[in-house]
Amino acid sequence: MEPTHITGADWLQGPHVYALFSSYGMTSKQISQLFVVGFGSSMVFGTVIGSFADKLGRKFNCILYGVLYGVDCLAKHVPSYWVLMCGRLAGGMATSILFSAFESWVICEHDKRGFSKTLLSDLFSNAVLANSLVAIFAGLVAQVMATKYGFIAPFSLSLLLLIATSGMICCSWTENYGVISGNIKLSAILQGIQVIRHDPKVLCLGLIQSLFEASMYSFVLEWTPALTPDSQMGIKTVDENIPHGWIFASFMVSVMLGSHVFKFLSKVDSVESFMRPIFGVAAVSLITPIIAPKNQSVIFVGFLVFEFCVGLFWPAMGVLRSKYVPESTRATVMNIFRVPLNLIVIILLVQDLTLPSVFCCCVVFLIICCAVQQWLFHLSTHCSGSTNEIKGDADSETCDVIRPV
């Protein structure tokens, strides 16, 4: 999982990205284009960066994250469309690292030190809990900074934090690798694709991650206009008086509660089992902007429930990836998962859909997640040759023959 000081730099920016672009006089279309470039960059360069992490080192990639995201922060200080565009290119690559290299480093280090696999559930849950606390604090700090010094202030603070924490990683972390032989780009990517093709459980994880995170990112892009009174009829506007930081902090409280509930659920049932209804609850929660577009209170409650589900999702996926995704190509496989995720978000953005239409798509994605999770549960409990520990090669046992229920 990502260390809290690194995600703190990310959380400082989260509440005010849309608002900052709007304050620079960017139109809704231009803002969508900036987000498209960020997701496109993550999609195009993500798998290559993943292979860098497995072959050149996860620590190296984590330092590279700080550099790339720092460039994005610097670009946000310039109210120029093209400078912001360059920043989004760097930011998209940094996002691919954030959601792959850090987790790969932690799991590898966990195994190298001989800790029990059963401890990973607590590790991921505690990481999400700590991350949520940092996010709450970051949201409050971002609100205070933005109120006193303008929307750009949180990004300046984030830049300083990125510089400090990248230096700390450089000096104190050990390096670990996945597969270190062969062509950096091609062999790791091909091995990752082979893992997904030959293990339906890994394919399930990829589908769930892509669809759920596509819904999550769409939500991240749309919650600000969705909670703006003038957006009821699908017209995306931003009210600068909305307390973005406070709202963001409230979302993070819900994420924290979700991660805490995950610790309890993981002790009484398997992750494959209890995540099935969670995706259904998430789908229902995002219906609120569709059925009650003029009621910001109802929408806000629905968003809180969705964030609660996000708090369950993060540690659940970490545990499932540690069980089913091979160590040798973990970062690569995780970034391959992000290709359809980014493609989905880009398609939604370029269509310039109304708010209700965007949330309709999210609801459909989450319903599919629920169905795929059921498939994963079936594979994990009724397949021959299933295994609880992933060995370090891409040809680990898979479920090929399904027994009757």
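**Entry 1: Leu12 and its neighbours**

I started by asking what Leu12 touches, setting aside residues up to four places away in sequence. The list I got is Ala138, Val141, Ala142, Pro154, Leu157, Ser158 and Leu161; contact here means heavy atoms within 4.5 Å. The model is a predicted one, in which local features need pLDDT of at least 70 and side-chain atom pairs count only at pLDDT 80 or more, while totals for chains, interfaces and linings use all residues. Residues are numbered from 1 along each chain as its sequence is written, and side-chain values use heavy atoms, with hydrogens and water left out.

Leu12 lies in helix H1, residues 4–13. I take helices (H or I, at least four residues) and strands (E, at least two) as DSSP runs, numbered from the N terminus.

**Entry 2: the whole chain**

I counted 16 helices and 0 strands in the protein. Of its 405 residues, 59% are buried. Among contacts with a separation of 6 or more, 84% come from residues 24 or more positions apart.

My next stop was Ser42, found in helix H3 (residues 28–56). Ser42 counts as buried because its relative accessibility is 2%. Beyond neighbours within four places in sequence, Ser42 is in contact with Gly92, Met93, Ser96, Arg338 and Asn342.

Val364 sits in helix H16, residues 355–382. With 44% relative accessibility, Val364 counts as partly exposed. I found 7.5 Å between the C-alpha atoms of Val364 and Ala283, which are 81 residues apart in sequence.

Angles under 35 degrees count as roughly parallel, over 145 as roughly antiparallel, 65 to 115 as roughly perpendicular and the rest as oblique. A crossing is left-handed if the near helix is turned anticlockwise from the far one by less than a right angle, and right-handed if clockwise.

How do the axes of H4 (residues 58–75) and H8 (residues 153–172) cross? They come within 9 Å and cross at roughly 160°, which means that H4 is roughly antiparallel to H8. The crossing is left-handed. On the H4 side the contact includes Tyr65, Gly66, Tyr69 and Gly70, and on the H8 side it includes Leu159, Leu162 and Ser166.

H12 (residues 271–285) and H14 (residues 296–324) pack at about 150°, with axes 9 Å apart. That angle makes the two roughly antiparallel, and H12 passes H14 in a left-handed crossing. Among the residues in this contact are Met275, Phe279 and Ala282 of H12 and Phe306, Cys309 and Phe313 of H14.

H10 (residues 200–226) and H11 (residues 244–268) pack at about 135°, with axes 11 Å apart. These two are therefore oblique to each other, and H10 passes H11 in a right-handed crossing. The contact is made by Phe219, Trp223 and Thr224 of H10 with His244, Ile247 and Phe251 of H11.

**Entry 3: transmembrane records**

I checked UniProt next; its unreviewed entry places "transmembrane region" at residues 34–53, 123–145, 151–171, 241–262, 274–292, 298–320, 332–350 and 356–377. Those positions are in the numbering used here, feature names are shortened, and annotations may be inferred rather than shown by experiment.

I compared two of the ranges with the model. Residues 298–320 are 100% helix and 0% strand, with end C-alpha atoms 33 Å apart. Residues 356–377 are also 100% helix and 0% strand, and there the end C-alpha atoms are 32 Å apart.

**Entry 4: cysteines**

How many disulfides are there? A disulfide is a covalent bond between the sulfur atoms of two cysteines, and I count one as a pair of cysteine sulfur atoms within 2.5 Å. By this rule I get 0 disulfides. Cys171 is in none, and its nearest cysteine sulfur, that of Cys170, is 5.1 Å away.

Lastly, I looked at exposure: Cys171 is exposed, at a relative accessible area of 72%, whereas Cys204 is buried, at 0%.

Terms used
Buried < 20%, exposed > 50% of the residue type's maximum accessible area, 1.4 Å probe, protein only. Axes fitted to C-alpha atoms, helices over the stretch in contact; angles between N-to-C directions.
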